[in-house]
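Subject: Structure handover

Hello,

Here is the structure for you to look at. Please open it first, then read my notes below.

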Amino acid sequence: MTVQQMEFKTEVKQLLDLMIHSLYSHKEIFLRELISNASDALDKARYESLTNSSLQEKAGDWTIRIIADRAAGTLSVSDNGIGMTRDEIIEALGTIAHSGTKEFLKAMQGSEKKDMPELIGQFGVGFYSSFMVADKVTVLSKKAGTDGLGVRWESTADGAYTLEEIEKKEAGTEVLLHLKADEKKYAEEWELREVVKKYSDYIEYPIVMKVERQKPDAFDKEKTITVEEDETLNSQKAIWLKDKADITEDAYAEFYKHLSHDFNAPAKVLHYKAEGTSEFTALLFIPSKLPLGIFYKDYKMGPTLYVRRVQIMDHCEELIPPYLRFVKGVIDSSDLPLNVSREMLQSNRQIGVIRKNITKKILDALADMKRDEYEKYTAFHREFGRVLKEGIHFDYERREQIADLLLFPSTRTAAGSFTTLQDYLSQMKEGQEDIYYITGTSLPEVLKSPHLEVFREKEYEVLVLLDDIDDMIMAGLREYKGKKIKSVIKGDIKLDVPDGAEQKKAAEEFEGLLAAIREHLKADVKEVRLSGRLKDSPCCLVMDESGLDPNMEKLMKAMGQEVPVNLRILEINPGHQLFGVMRSMVPDDQRRELLGEYIDMVYNQALLLEGSPLKDPAGFARSIARLMTEQGSRRP
Ligand code: ADP
């Protein structure tokens with residue numbers, strides 16, 4: 001049979017190079033990776049066998065086998081799982097598909113060589129980690145459910161690998177490591193037993209190794225003979241079915257790594273058994289770092305679903321609301337039928353019960369963390385706040401409970417600290433009716449916004465919201481414990497309403513100017529009015545109560561959505577000198593053109609303040625230059 005020479009993809013070459021020269025002191029993790037792959041392959045085969053009768057004869061015999069050959073200096077890890085076809089093996093062992101591994105390479109590029117050992121330990125780098133201990137790796141595989149030939153893959157990690165068709169009796173995969181001269185200890189029984197116990201004890205399939213035993217000779221009691229027998233190295237008990245008291249933090253973390261491919265330890269572990277309307281065991285992890293791709297459509301969410309220890313699917317999205325999609329874990333149900341299908345899941349009552357139960361547990365756990373481990377909670381919130389708050393919009397019933405979990409910077413908090421809605425309420429000024437917030441993209445910039453002037457003067461706290469979806473979220477929440485929630489850049493704010501007579505007088509005085517501005521900007525703004533929120537700045541743009549927030553507008557445009565025409569309201573500060581000057585220009589026909597130029601400048605200033613592009617940047621620059629020239633030549 002012909003042997004084909006194949007090239008690795010560039011990134012695989014890089015990774016292999018790192019592995020070969022690795023100085024990492026815990027190289028034994030290669031075994032964890034191989035066993036984990038074998039276990040995944042068995043999960044897949046077992047699931048297939050539920051519906052594919054040709055795989056059924058194996059049921060009950062799923063095994064991971066370790067064969068160590070001290071004399072030959074080899075170690076083999078094999079499984080009778082799903083196996084790989086030729087094409088699959090090229091895809092799986094010739095490229096890097098796994099996002100964790102890609103992340104690893106990225107992290108490596110930006111770090112010092114000496115940090116490499118650390119990084120290898122944190123990331124699971126999968127199959128390729130075999131090359132830390134082996135100078136040649138051979139993989140023999142045959143896809144389950146096929147009759148034909150199997151495939152043999154081999155590489156010495158020198159940039160290429162070979163492929164060859166082979167006869168292979170059983171379906172499944174064998175990975176054979178030719179150990180490096182100084183790594184021969186991985187052919188030793190005691191070493192392998194230790195490593196399996198440490199990293200792979202919870203694997204639910206037996207990990208079987210042939211071991212040598214000394215036994216008394218049946219014929220001569222004085223003598224002992226050496227016999228070989230199979231020993232199962234792992235306790236095999238699915239970790240979620242074990243008693244909590246028997247599970248160490250490390251064991252949880254190890255399992256979490258296996259499950260999520262996340263190299264950071266989880267922030268919180270929830271492990272419980274539910275009884276009553278639905279019987280199931282849950283082992284859930286709240287991660288500490290935002291997983292890659294969580295904001296993309298194809299992000300795979302949801303815990304792994306087991307039914308009486310048989311894995312049904314690895315991401316069951318029906319089990320969790322999308323705003324908790326960062327949670328990883330396992331649900332093992334006692335009530336669902338084994339042949340449950342995707343379609344059935346959507347309408348299944350049991351699934352609904354489980355989902356409700358775990359949603360509550362997670363939200364409660366977050367509330368506990370916020371109360372008891374505030375530091376840890378702020379770190380969690382920094383990573384996941386943006387995802388969690390989606391729940392306010394999508395989970396109407398629990399919106400207030402979710403709102404209680406949110407942290408906000410505000411006009412009153414010190415740099416780096418936060419307030420909550422509860423604290424906001426308890427510290428409201430006397431006479432303050434509503435809860436106020438402002439949106440924007442950077443805290444220092446937002447704090448300079450003219451929209452805050454009257455609030456600052458009255459010492460009303462304003463929450464600062466910096467995520468693109470915030471305006472939609474707050475609009476969805478609408479009120480909190482009976483207090484309305486309002487954006488300071490929307491609607492007509494009247495905190496400082498002067499007495500009727502004064503107001504009327506101002507309205508009369510400015511009538512002419514307002515009319516002139518309205519006429520001049522009729523294509524740009526929908527209304528011009530005197531402002532109730534400005535103290536020092538001349539002008540600002542605001543929206544109707546229901547208007548689209550500039551952040552939301554940017555978000556929608558970025559998502560390619562059509563954005564409705566969204567004319568704003570221009571507010572001017574009647575107390576500002578500028579408008580006294582402009583008012584005097586209104587009746588003067590000769591200064592009509594100049595007034596128009598002034599109005600454009602006022603409007604452009606307001607656009608600048610909210611971070612929007614100017615109407616006519618060149619014209620604006622010309623106007624400023626002209627004014628500066630006039631001023632400059634008039635001054636001594
Ligand atoms: P990961 O397992 O994290 O995806 P690996 O580099 O360890 O990354 O493996 C790459 C791929 O190779 C796996 O996703 C799987 O498709 C395939 N693979 C590895 N080992 C086995 C095996 N024992 N049986 C079947 N497929 C395997």
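The centres of domain 1 and domain 4, taken over C-alpha atoms, are 70 Å apart. The domain bounds come from an automatic or database domain assignment. Domain 1 covers 3-232, domain 2 covers 239-375, domain 3 covers 408-487 and domain 4 covers 500-633.

This is a predicted model: local features need pLDDT of at least 70, side-chain atom pairs count only at pLDDT 80 or more, and totals for chains, interfaces and linings use all residues. Residues are numbered from 1 along each chain as its sequence is written, and side-chain values use heavy atoms, leaving out hydrogens and water.

Now the helices. Helices (H or I, at least four residues) and strands (E, at least two) are DSSP runs, numbered from the N terminus. Helix α2 (residues 29-49) packs on helix α6 (residues 189-200) at about 65 degrees, with axes 9 Å apart. Axes are lines fitted to C-alpha atoms, for helices over the stretch in contact, and angles run from 0 to 180 degrees between N-to-C directions. Ile29, Leu31, Arg32 and Ile35 in α2 meet Leu192, Val195, Val196, Tyr199 and Ser200 in α6 (contact means heavy atoms within 4.5 Å).

Next, the strands. Two strands pair if DSSP finds at least two bridges between them. Strand β15 (residues 435-439) pairs with strand β18 (residues 483-487) in the parallel sense, over 3 bridges. Isoleucine 435 has isoleucine 485 in β18 as its bridge partner. Strand β17 (residues 479-480) runs antiparallel to β18, joined by 2 bridges. Glutamate 479 stands opposite lysine 484 in β18. The hairpin of β17 and β18 has 2 residues between the strands, and lysine 481 takes a positive phi near 45 degrees there.

Best wishes
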